[in-house]
Amino acid sequence: MKKILALILTLTLVLTFAACGKKPNNEVENESETQIEELTPDTETETLKEDEKAEDKPEVAPESKPESKPQAKPEAKPSETAKPQASATKPAEKPAQKPEEKPDTTKPETTPEVKPEASTPATLGNTLLADFKSKASGSDVVAIAESLLQNPAIKFGGGAMSVEPGLLSGFDNTEITGFKSGAVFMPMIGSIPFVGYVFELENAADAPAFISKLKSSANLRWNVCVEADEMVAGSVGTKVFFVMCPTSLED
């Protein structure tokens with residue numbers, strides 16, 4: 001503000017000098033002094049007024065920021081309280097126990113002993129069966145029966161003849177059927193418990209069932225006075241052998 005007033009004063013002086021250029025220097029100086037004297041009070045009053053205004057204005061205190069209060073943390077709930085560290089109180093790890101090694105109770109594999117087949121007892125019936133198997137092929141049933149009577153195991157005189165399906169000696173009241181041809185061989189004396197047969201079937205596949213029927217129907221005591229010791233049967237192809245007799249014959 002003072003600078004503005006100084007500029008105004010200088011302008012006024014310049015104007016006065018220009019207007020009064022012809023006046024003597026003394027007058028110019030007097031006038032300038034008077035003007036300066038007249039202006040000075042005003043300038044002082046203006047400066048005083050400005051100073052008063054500045055004093056009248058209340059000092060604006062710097063804005064004070066509200067003090068930031070520390071936020072109160074919510075109280076921890078009982079459930080949220082720090083749990084005891086499990087890792088800190090871990091029980092000492094026990095050494096891993098190895099499973100007890102059980103003794104191997106498995107028995108070593110043993111190869112089964114191959115027992116020799118039980119030899120067929122050398123009875124009269126088995127002797128005649130073996131003889132039949134050697135003579136069954138290529139002969140009719142009567143010829144086979146007659147040849148069996150020639151076996152050294154036979155100690156009696158006997159004979160052979162053909163038979164027809166029906167009631168046969170040694171089978172009581174059961175009719176024997178299902179064969180194509182048949183022959184019987186036996187001793188001449190009825191007191192010896194011996195009777196033998198040779199049958200020929202239509203099919204070799206029928207032999208097992210036919211033999212089963214003979215065994216189930218036969219009667220070892222068909223002769224009232226005496227009883228046979230064994231019953232032996234076998235087959236070769238379509239030929240079937242059957243005998244009831246003692247285990248041996250004495251001379």
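A polar contact is a pair of N or O atoms within 3.5 Å; within protein, one must be able to donate a hydrogen and the other to accept it, and residues adjacent in sequence count only if both atoms are side-chain atoms. The side chain of glutamate 230 makes such a contact with the side chain of threonine 123, at 3.0 Å. The model is predicted: local features need pLDDT of at least 70, side-chain atom pairs count only at pLDDT 80 or more, and totals for chains, interfaces and linings use all residues. Residues are numbered from 1 along each chain as its sequence is written, and side-chain values use heavy atoms, with hydrogens and water left out.

**Glutamate 230**
- A polar atom of the glutamate 230 side chain lies 2.7 Å from the backbone nitrogen of glycine 125.
- Beyond four places in sequence, the contacts (heavy atoms within 4.5 Å) of glutamate 230 include Leu124, Asn126 and Cys245.

**Helix α3**
- Helices (H or I, at least four residues) and strands (E, at least two) are DSSP runs, numbered from the N terminus.
- Helix α3 covers residues 124-135, and among its buried residues are Leu124, Gly125 and Asn126.
- The cover over the buried residues of α3 includes β6, the strand that holds glutamate 230.

**Whole chain**
- The protein chain has five helices and seven strands.
- Of its 251 residues, 25% count as buried.

Terms used: Expected span 1.5 Å × (residues − 1). Buried < 20%, exposed > 50% of the residue type's maximum accessible area, 1.4 Å probe, protein only.
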